[in-house]
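Me: Could you walk me through this structure with a few questions and answers?

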Amino acid sequence: MEFHVKLVAGVVRLRRSLLLCAGALLASSAAIFAVSPRLLAMLQAHLHQELAFYTVAEPFLAHAKLSFFTAIFLLMPLLLHVLWGALAAPFAIAPAARAAFTLATSGLFYAGASFCYLVTLPFGIDFLLGFGSDSLKPLISIERFAGFVSLFIVSFGLIFQLPVFMFFTARTGIFPRRRFEQHRRYAVLIISILAALLTPTPDVVNMALMGVPLYLLYEGGILAMRFSGID
């Protein structure tokens, strides 16, 4: 009976947290919408792109997408705090460990997003647009540009959290450290597939810009388990 009471209480707390996150995302998106033209101009200047729109509603939708993904970017520590809070009870995560997991995943998220913004996106977009010519000029949709860039930056940040979740699965006994060590070849294959799917171009250079850091993070997760004495 006590277990069921704790389970119901945990579900109620998670529901409240999710509602809080949804409300925070909506409120933040609405607030950011007011400055979204400046954000879009910053992205255009950084990536050296001129944009066009093809429907009446497209500029509004572009700013709405950019505002929403920017809100996710800014609120990621809160979202991760809720995630680790949901995992705390069933996996008996102590408050100090929960705070450490939240801090580590937040830091890696922003590191991955920054790497994408500063390195991967400029290289990838320059490569793609390099196929243009005097007779073939690019006309880039403002909505697709805002959606692609925003989603790509957030996705890059999320996959950079790999070592922390590796550490978590090993610590809780879901996937022991030796499995990660024994299945490096499969990790390389999966990382290569992810790099091919998520990078803006399929060339080796841009795939390496994602794949190499991801594999280093994979090895970093294994090293963290070893230093912590996790088998």
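Me: What volume does the second largest pocket have?
Reply: This is a predicted model, where local features need pLDDT of at least 70, side-chain atom pairs pLDDT 80 or more, and totals for chains, interfaces and linings use all residues. Residues are numbered from 1 along each chain as its sequence is written, and side-chain values use heavy atoms, without hydrogens and water. A pocket is an open set of points on a 1 Å grid over the protein atoms alone where a 1.4 Å probe fits, with protein on both sides within 12 Å along at least five of seven lines. Taking volume as the space filled by probe spheres set on the points, the second largest pocket comes to about 320 Å³.

Me: Which helix gives the most residues to the lining of the second largest pocket?
Reply: The lining (residues with an atom within 4 Å of a point) has 16 residues, with Met-42, Leu-43, Thr-70, Phe-73 and Ile-153 nearest the pocket's centre. Two or more lining residues come from each of H2 (36-47), H3 (58-88), H4 and H5, where helices are DSSP runs of H or I with at least four residues, numbered from the N terminus. With five residues, the top contributor to this lining is H3.

Me: How many charged residues are in the lining of the second largest pocket?
Reply: Asp, Glu, Lys and Arg count as charged; Ala, Val, Leu, Ile, Met, Phe, Trp, Tyr, Cys and Pro are nonpolar, and the others, Gly among them, polar. The lining holds 13 nonpolar and three polar residues, while the number of charged ones is no residues at all: none.

Me: Is H4 oblique or roughly antiparallel to H5?
Reply: H4 (residues 95-129) and H5 (residues 142-159) pack with axes 6 Å apart, at about 135°; axes are lines fitted to C-alpha atoms over the stretch in contact, and angles run from 0 to 180 degrees between N-to-C directions. Under 35 degrees counts as roughly parallel, over 145 as roughly antiparallel, 65 to 115 as roughly perpendicular and the rest as oblique. H4 is therefore, relative to H5, oblique.

Me: How many nonpolar residues does the contact of H4 with H5 have?
Reply: Contact means heavy atoms within 4.5 Å. On the H4 side the residues include Phe-109, Cys-116 and Tyr-117, and on the H5 side Phe-148, Phe-152 and Ile-153 are among them. By class there are no charged residues, three polar ones, and a nonpolar count of 14.

Me: Are H4 and H9 roughly parallel or roughly antiparallel?
Reply: Leu-108, Phe-115 and Phe-127 are among the H4 residues that meet Asn-206, Leu-209, Pro-213 and Leu-217 in H9. The axes of H4 and H9 (residues 204-227) lie 9 Å apart at about 160°. H4 and H9 are therefore roughly antiparallel.
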